[in-house]
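The tour goes from the whole chain to one residue.

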Amino acid sequence: MKRSYILGILAISAFALVSCDMLDDDMSINGNKPQKQITKTFNDDYPKARDVEWDFENGSWVVSFETGWGTDKVEYEAWYDDGGNWLMTKREMHHSKVPQHIKDALAADPEYGKARMDDSEVEYYDLPGEDFYRFDLIHDGFEVEVDVTEGGVVTPAVRR
């Protein structure tokens, strides 16, 4: 009896893994697939990407992927439009990896400089003509997101 139960669990697990693998290989989301131009642009932009997963959100193709291994592993999300044009990339990094001039700009800000970090992870957004770091902070007892541009401008996060 116990053996049959274990074999049943293994069979269901194997089926689930194969099903997930087929969806990832097909890159099909509700019958939609990213056009070849989109996947070509992505592959040209990120030739070392691995563990690639596609999704379609709010009219854009979002691809989640990783680069590197072990302690050098970095997780990304990149957005593309239907024409294969890159829209933006987001990656997470540990606070210790944030450039010092960005940390200094946040610390010197009169409103948010004394806020404490809510999380040790920081998001880096790379957009055409605009790059910024997004910090999760506790400010006056509330959770807030604050953006710091490469030029050191500190602003509350704006949902794009």
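In what order do the elements of the protein chain run from the N terminus on? The order is α-α-β-β-β-β-α-β-β-β-β-β. That comes to three helices and nine strands, where helices (H or I, at least four residues) and strands (E, at least two) are DSSP runs, numbered from the N terminus.

Two notes on reading the model. Residues are numbered from 1 along each chain as its sequence is written, and side-chain values use heavy atoms, with hydrogens and water left out. This is a predicted model, in which local features need pLDDT of at least 70, side-chain atom pairs count only at pLDDT 80 or more, and totals for chains, interfaces and linings use all residues.

Next, color the chain by pLDDT, the predictor's confidence in each residue, from 0 to 100. The protein chain averages 82, and 78% of its residues score at least 70. Select helix α3 (residues 100-108), where confidence is highest, at a mean of 96. Then select helix α1 (residues 2-26), where confidence is lowest, at a mean of 41. Over residues 1-30, pLDDT stays under 50. Where pLDDT is low, the predicted coordinates should not be read in detail.

Now select Thr-67, in strand β2 (residues 60-67). Is Thr-67 buried or exposed? Thr-67 is buried, with a relative accessible area of 17%; buried means under 20%, exposed over 50% and partly exposed in between (1.4 Å probe, protein chains only). Show its contacts (heavy atoms within 4.5 Å). Not counting residues up to four places away in sequence, Thr-67 touches Lys-48, Ala-49, Asp-72, Lys-73, Val-74 and Tyr-76.
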